[in-house]
Amino acid sequence: MLTPVALIYDFDGTLSPGNMQEFGFISAIGTDNKEFWKRCNQMSIENDASGILCYMYQMINEAKKNDIKLTRESFQKFGSKIKLYEGVKDWFKTINNYGKANGIDIKHYINSSGLKEMIEGSQIASEFANIYACSFLYNEEGNAYWPAVAVDYTTKTQFLFKINKGIKEISDNKRINEYIPEDERAMPFQNMIYFGDGETDIPSMKMIKERGGHSIAVYKPGDKEKKAIAEKLIREQRVNFACPANYSVEKSLYKIVKRILDKIKADSDFDRLIKINRKRIETRKS
């Protein structure tokens, strides 16, 4: 019997070395990365508003000023320019093969404050069972005009429960609140591995760890500041591991994930053995 495992990733700073808007969109509106994010942060502070909603507003506003149509197709085109960390493109096939060879059924998910439409245009979009991320509503002409979903650090934890219960639709607010016994849920929390790098990931990483799963804080190789932040999360017991975001075979991240998968499989087999033994004894007694 295959053991189900979910590998859940933030995107910006976790699979990619930068924010996805920085790989084409920001230059298209005639500004630089620093200035764009300065405007977003300033708007958020001055209005005591969500930073996520502010960046989404700024994207629509700046696109209008520069006569750029923001359609699903244009977002995907920008997404195709997103750079990835070393080893990411081959990561999914490699780790899936390791899972299959060891009786593990691995599914990959995105849990991001970035844009779903851009991720759908990336080189790795087809690797994910579902993409939970920010998205826009579109008018009759196909242009983005309003946020449909805004994902912040608290929203991310909601999506973990959707994965846990096997719910794909963000709009489904009924089944997510229905009671389902732990042993009947699609993906046990202890079978989840969360990859994150930033503040929006901390509640999710800590929650997964506390529920028996495993969390990995990754950081840009060679970035001392990011490394210090990741190691601080280890000291605060918010994550299980911290390592450079290099997904190549035989690098530390790959070795860590293999050992976690081994442990999940062993724990799952052990729990199954206990249930079989208990059932056998109860059947004999009756």
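Hi everyone, let's begin with the contact between two helices: F36, W37, R39, C40, M43 and S44 in α2 meet G51, C54, Y55, Y57, Q58, M59 and E62 in α3. Contact here means heavy atoms within 4.5 Å. By class, that contact has eight nonpolar, three polar and two charged residues. Nonpolar covers Ala, Val, Leu, Ile, Met, Phe, Trp, Tyr, Cys and Pro, charged covers Asp, Glu, Lys and Arg, and the others, Gly among them, are polar.

A quick word on the source: this is a predicted model, where local features need pLDDT of at least 70, side-chain atom pairs count only at pLDDT 80 or more, and totals for chains, interfaces and linings use all residues. Residues are numbered from 1 along each chain as its sequence is written, and side-chain values use heavy atoms, with hydrogens and water left out.

Now the geometry. Helix α2 spans residues 33-47 and helix α3 residues 51-65; they pack at about 125°, with axes 9 Å apart. The two helices are therefore oblique to each other, a label for angles that are not under 35 degrees (roughly parallel), over 145 (roughly antiparallel) or 65 to 115 (roughly perpendicular).

Note on methods. Axes are lines fitted to C-alpha atoms, for helices over the stretch in contact, and angles run from 0 to 180 degrees between N-to-C directions. Helices (H or I, at least four residues) and strands (E, at least two) are DSSP runs, numbered from the N terminus.
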